[in-house]
Amino acid sequence: SDAGAINVHRQPVSIEIDSTGGLAYVANSGSNTISVLDLKARREVAAIGAGEEPAAARLSPDNKTLVVANRRGNSVSLIDPAARRVRAVFEGCPGATDAVVLPDSSKAFVACAAGHQVMVIALAHSKTNPALPDRLESFMDVGRAPVHLALKPDGGELFVSNSLSGSISEVSTSTDDVLGTYLMGDTPVRGLVSSDNSLLYVSNFRSQYVTVYAIDEGKRVASIHVGDGASALAFSSSGHLLFVVDSRSADVAVVRTASRSLFTLIPTGRNPNAIAVKAFKLP
């Protein structure tokens with residue numbers, strides 16, 4: 001086999017790497033499992049059963065909980081990474097598709113994309129809940145078909161991309177309150193918050209635009225023309241550039257964040273759907 005490839009299971013759709021960089025967790029949507037990979041040895045060391053069609057696996061910053069959104073299972077599995085077993089299961093999240101965990105590892109938020117809600121789970125073993133079990137905290141009503149969750153770097157607010165409502169919902173993570181819902185564009189599918197917590201960039205899949213929303217002002221401040229089918233977003237390590245994956249025109253748009261203008265388009269293969277930016281320091 002290819003020395004650069006690691007065999008997992010059917011239809012791997014997401015990957016999460018722990019804070020040490022030594023282990024990775026792959027959601028295999030076609031086999032209802034999570035593969036645990038030893039990245040140094042380049043091999044699978046365990047396979048953990050999840051719910052039906054896991055779409056995303058997110059590791060808490062303290063490495064104590066792996067949150068798995070099971071799209072077809074309409075559920076959320078919480079996995080103990082050390083024991084490599086399921087710790088708890090929460091039902092009632094139709095089309096569970098994306099998850100985020102707060103920086104203090106106290107809560108997980110899961111987008112129920114086949115409905116109109118976000119599930120909130122208080123996580124066990126965190127510093128704020130040391131003696132309490134995992135528990136369902138609330139369901140928050142947002143827009144139709146919430147497909148993506150964008151967390152501010154400070155963890156104070158969460159932005160939900162409501163794809164069928166053409167809007168984003170702003171959520172207070174401490175109180176589980178929806179602070180407001182704002183129209184963005186045609187089928188918003190991803191959001192990304194700037195490192196200074198001031199701007200939210202939203203990609204609108206059925207258009208050629210990324211919308212810029214000023215968080216403190218509570219309003220749209222710009223629309224940036226990119227390629228067709230804007231989806232995944234990523235910043236350069238300095239934050240001076242924004243990379244936008246254009247799924248339908250098969251390219252990556254490079255945007256200057258200071259001027260909010262398109263710099264160039266980089267061709268890709270067919271139907272790109274994700275992006276990662278490598279950051280490293282020279283010795």
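Start with the largest pocket: β1 (12-17), β5 (54-59), β9, β13 (146-151), β17 (188-193) and β21 (230-235) each give its lining at least two residues. Strands here are DSSP runs (E, at least two residues), numbered from the N terminus. A pocket is an open set of points on a 1 Å grid over the protein atoms alone, with protein on both sides within 12 Å along at least five of seven lines; lining residues have an atom within 4 Å of a point.

This is a predicted model: local features need pLDDT of at least 70, side-chain atom pairs pLDDT 80 or more, while totals for chains, interfaces and linings use all residues. Numbering runs from 1 along each chain as its sequence is written, and side-chain values use heavy atoms, without hydrogens or water.

Which residues lie nearest the centre of the largest pocket? They are R58, D98, H148, R190 and L233, out of 41 lining residues. The volume is about 1800 Å³, meaning the space filled by probe spheres set on the points, which are joined across faces, edges and corners.

The second largest pocket holds about 200 Å³. Its lining includes S194, D196, Y201, F235 and R260.

Buried means under 20% relative accessible area, with a 1.4 Å probe and protein chains only. This core has 16 residues; V67, V76, L78, V110, M119 and I121 touch the most other members. A second, separate core has 15 residues, among them V210 and A222.

Notes: Core = buried A, V, L, I, M, F, W, Y, C linked by side-chain atoms within 4.5 Å. Buried < 20%, exposed > 50% of the residue type's maximum accessible area, 1.4 Å probe, protein only. 1 Å grid on protein atoms, 1.4 Å probe; cavity = no way out; pocket = protein on both sides within 12 Å on 5 of 7 lines; lining within 4 Å. Helix = DSSP H or I, 4+ residues; strand = E, 2+ residues; numbered from the N terminus.
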